[in-house]
Amino acid sequence: MAKLLQDSCNQDAIFSKFSHSSPANGGNGTHSYSNNSSYQRLFANVERAKIDQEIAHNFEIQKLSSSSPSNTLVLADMGCATGPNTFGTMQHIVKSMKRTFQSVCPTSPLPEFQIFFNDQTTNDFNTLFQSMPKDRDYFAAGVAGSFHQRLFPTSSVQFMHSSYAVHWLSRIPEEVLDERSPAWNKGKIHYLGAAETVAAAYAAQYAKDMGDFLRARAEELVEGGIMVIITSGNPDGVSAAGLPSGLLYDLLATTLIDMSKEGLVSEAEVDTFNLPIYITCPAEMRQLVEQNGQFSIERMELTAPTTWIEGAVDTREWIDHIRAAMEGIFTNHFGNDPNIIDQIFERVTHKLEPYNEEVNSKLQEKVQLFVVLKRI
């Protein structure tokens, strides 16, 4: 009985540890997100012309602005991190809206713009607001909290945007952390390349999270409001294990196993470590949106994210970007000993170097999902 109680307490501690994702690295240091997120910016910039098209043709700007008592359009960026990417994106959207409004209502005064920047409560909002452009032409406010729940009043937002955020799960599926479960993910750190039971557990968690996300946004968006989602994706019917991230996660797993054999981390720590990331496909996303029933799908397509990058993606720079986004997950699990964390990312960088050509080739493929939804 005592053994069962101890096992139960240990499992509860593990589940608690993975009850939420960790924010990107704050501040402006060497490994900060603000200094290591240019790839995310360039990937998202690929979609700017499409966003302009959707604002011009699907965003009923005259109707939406005139329905506001203060002639104000309210926008929100879900998963803004610490900047600066969010500022460039949202400023571009504001300029596109102004251009569209002036073409539709050339004699009317421009609406005002209010932008809410959202991320987890532990996000470094200080760095975000300290780096905010001083010459911005919108009012700004931060909204701290998980976007898997309600964050705004009913029918209060006209336009929502989320880039490289909805692939983060709200938690690791409990089954993959339970050694008594068929989905116990021993020796792996992700569902890619793992057993089907592990992949099914991840897919179920993603379906729940996206269901929560879509329900919350449907309550908050006005009728006719637009939501743009940019996230990692893979073609229908094709395993995401062949993507660069699949290779990365495999090499991270072998790195951690090597370090456990050397006594730098424990085997138990490695066996209970999993990344809270899920890569969806168009068919899966479409099904989740249709199950919600509150949005029309205006656009959904895969694009190649590297068209704006000149030359090859540098392996070390790529890992620096990965570290800036994920380091908190590693420190929460393995502790904040800088030597251990440095070794994890240094070792995986060396392991990746022979695959540099393969990684760059796969990044030329359509591995980014662009989605435009309209509240009905």
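Modeller: Here a pair of aromatic rings means rings of Phe, Tyr or Trp whose centres lie within 6.5 Å, with planes under 30 degrees apart counted as stacked and over 60 as edge-to-face. Please keep in mind that this is a predicted model.

Biologist: How many aromatic pairs does the structure hold?

Modeller: There are 15 aromatic pairs in the structure. One of them joins Tyr 206 and Tyr 278, whose ring centres are 4.7 Å apart with the planes at 25°, so this pair is stacked.

Biologist: Where in the chain do Tyr 206 and Tyr 278 lie?

Modeller: Tyr 206 belongs to helix H7 (residues 196-220), while Tyr 278 is in the loop between helix H9 (267-271) and helix H10 (282-292). The pair links distant parts of the chain, 72 residues apart.

Biologist: Buried or exposed, those two tyrosines, Tyr 206 and Tyr 278?

Modeller: Tyr 206 and Tyr 278 are both buried. They also belong to one aromatic cluster, together with Tyr 191 and Tyr 202.

Biologist: And Phe 330 with Phe 345, why is that pair edge-to-face?

Modeller: The planes of Phe 330 and Phe 345 stand at 65°, with the ring centres 5.2 Å apart, so the pair is classed as edge-to-face. Phe 330 is in helix H11 (residues 315-334) and Phe 345 in helix H12 (residues 338-352), so the contact ties together parts that are 15 residues apart in sequence. Both Phe 330 and Phe 345 are buried.

Biologist: What sits over the ring of Phe 213?

Modeller: The charged end of Arg 217 does, 5.0 Å from the centre of the Phe 213 ring.

Biologist: Let us move to helix H13. Which residues of H13 are buried?

Modeller: In H13 (residues 356-363), the buried residues are Val 359, Asn 360 and Leu 363. They cover an arc of only 95° around the axis, which puts them on the same side of H13. An α-helix has 3.6 residues a turn, so residues three or four places apart point the same way.

Biologist: What do the buried residues of H13 pack against?

Modeller: They pack against helix H8 (244-261), H11 and H12. H11 and H12 are the helices that carry Phe 330 and Phe 345.

Biologist: Now the sheet. What is the order of its seven strands?

Modeller: The order is E3-E2-E1-E4-E5-E7-E6, in an open sheet with mixed pairing. Strand E3 (139-144) and strand E6 (295-303) are the edge strands, each pairing on one side only. On average, neighbouring strands are turned by 15° against each other, direction ignored.

Biologist: How many bridges join E2 to E3?

Modeller: Six bridges join strand E2 (residues 112-119) to E3, and the two run parallel. Asp 119, for example, has Ala 144 in E3 as its bridge partner.

Biologist: Which helices pack on the sheet?

Modeller: Helix H3 (residues 48-57) does, touching strand E4 (157-163), strand E5 (221-232), E6 and strand E7 (368-375). The direction of H3 makes about 160° with that of E6. H10 also packs on the sheet, where it touches E6 and E7, and its direction makes about 170° with that of E6.

Biologist: How does E4 pair with E5?

Modeller: E4 and E5 pair in the parallel sense over six bridges. Val 157 stands opposite Leu 221 in E5. Strand E1 (residues 72-78) is also parallel to E4, joined by three bridges, and Leu 75 has Phe 159 in E4 as its bridge partner.

Technical notes: Residues numbered from 1 in each chain as written. Predicted model: local features only at pLDDT ≥ 70, side-chain atom pairs only at ≥ 80, totals over all residues. Heavy atoms only, no water. Phe/Tyr/Trp six-rings, centres within 6.5 Å; stacked < 30°, edge-to-face > 60°. Helix = DSSP H or I, 4+ residues; strand = E, 2+ residues; numbered from the N terminus. Buried < 20%, exposed > 50% of the residue type's maximum accessible area, 1.4 Å probe, protein only. Lys NZ or Arg CZ within 6 Å of the ring centre and 35° of its normal. Arc of directions from axis to C-beta. Contact = heavy atoms within 4.5 Å. Pairing = 2+ DSSP bridges. Axes fitted to C-alpha atoms, helices over the stretch in contact; angles between N-to-C directions.
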